[in-house]
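Subject: Structure for you to look at

Hello,

Here is the structure I said I would pass on.

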Amino acid sequence: MRSSNLRRFLLGGLLVAIGLALVVSGFASPSPDGLEKVATDKGFLETARDHLFADGPLADYAVKGVDNERLSTGLSGLIGVLVTFGVGWALFALVRALRSRGQDSDPSRAP
Amino acid sequence: MHIPDGFINAPTSLAAGAVAAGGVGVSLRRAAQTLQEKQAPLAGLVAAYIFAVQMLNFPVAAGTSGHLLGGVLAAVLVGPWAGCICVAVVLVVQSLYADGGLTALGLNITNMAVVGVFGGWAIFWLLRRALPATKTSVVVSAGIAAGISVVLAAGSFVVEYAIGGAGNAPVGTVFAAMVGVHTLIGIGEGIITALTVGVVLGVRPDLVYGAQDLQVPLVLGTEPERAAGEVS
């Protein structure tokens, strides 16, 4: 695989994701989503309990302490994209690494 | 489609947690076998992109919005095993945003990362077999499968509601309402998925798992001749 091209692709993709989460997210529809709407219409929305992190620093896609709504949403999105990218990459790299170690020890176990 | 705490009772949530753990566990094992080292950052990017686009609620019917679930998008780009993990990672990160209940995480992973990814992938696979082997077919198949995957995930919620829903609304009316609104949301899912797959196919077709069969094996057959030509 052309690795420099791959790096450019990854960087470009990440910039697109950051742009969407940081800027475009401020223009998203504020209406309830499909499930929330159905729950409201069918009368079971009130069965929902408060989320454990309902008062957390990132609750409802807003950064606590940032009052400008669009900026707050955008920043929370930026954080989310970076965290998701990092966690995802690390997890897949870890899984790959564990597997190669398992493979190395396989021949010794073979009869 | 993120289920909050309370919608579904504890036993059903626990059972869904077992389904989710099984699905993600098998996916981790299979992804480890198939994923190449360089694909790890790519899978991270797919997860990050899905997180971003899930923030972009688009209006559907009156007073209702929807957003990408991303299951088929992930499956077509990095394969269903890695795709399931990508969506699960997104759902876990979203817990920090109070989006989707902690006790409902198993339910949400089951609906969106297991049913959405593997159900959608099965449809994509069937469509790919039925249609000619072209890039256009990959884009069209991804779009249609993505749209249907949203309805499948909605159906999965209705099954959970039927087993352990806390509400009193009859299952039939919840089913009709969920399928109705998520058919509309599925159209958006299909468009976003088709557009994204189309762009990646245009830039780096070799990175699209669901289009691997379209890669022309251009190296082996002609290599000796070309090498000889370069030397002289």
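How many residues does the contact take from chain B and from chain A? Chain B gives 62 residues and chain A gives 54 residues, where two residues are in contact if their C-beta atoms, placed from the backbone, lie within 7 Å. This is a predicted model, in which local features need pLDDT of at least 70 and side-chain atom pairs count only at pLDDT 80 or more, while totals for chains, interfaces and linings use all residues. Residues are numbered from 1 along each chain as its sequence is written, and chains are lettered from A and ligands numbered from 1 in the order in which they are written.

On the side of chain B that touches chain A, the elements giving two or more residues include α1 (10-34), α2 (39-54) and α7 (171-203) of chain B. Helices (H or I, at least four residues) and strands (E, at least two) are DSSP runs, numbered from the N terminus. The largest share of that side, 12 residues, is from α2(B). By class, the side of chain B has 42 nonpolar, 16 polar and 4 charged residues; Ala, Val, Leu, Ile, Met, Phe, Trp, Tyr, Cys and Pro count as nonpolar, Asp, Glu, Lys and Arg as charged, and the others, Gly among them, as polar.

B:W81 is in helix α4 of chain B. Not counting residues up to four places away in sequence, B:W81 touches B:S27, B:R30, B:A31 and B:T34.

Last, a helix pair. The axes (lines fitted to C-alpha atoms, for helices over the stretch in contact, with angles from 0 to 180 degrees between N-to-C directions) of α3 (residues 71-78) and α7 of chain B come within 9 Å and cross at roughly 20°. That makes α3(B) roughly parallel to α7(B), a term for angles under 35 degrees.

Regards

Conventions: Angles under 35 degrees count as roughly parallel, over 145 as roughly antiparallel, 65 to 115 as roughly perpendicular and the rest as oblique.
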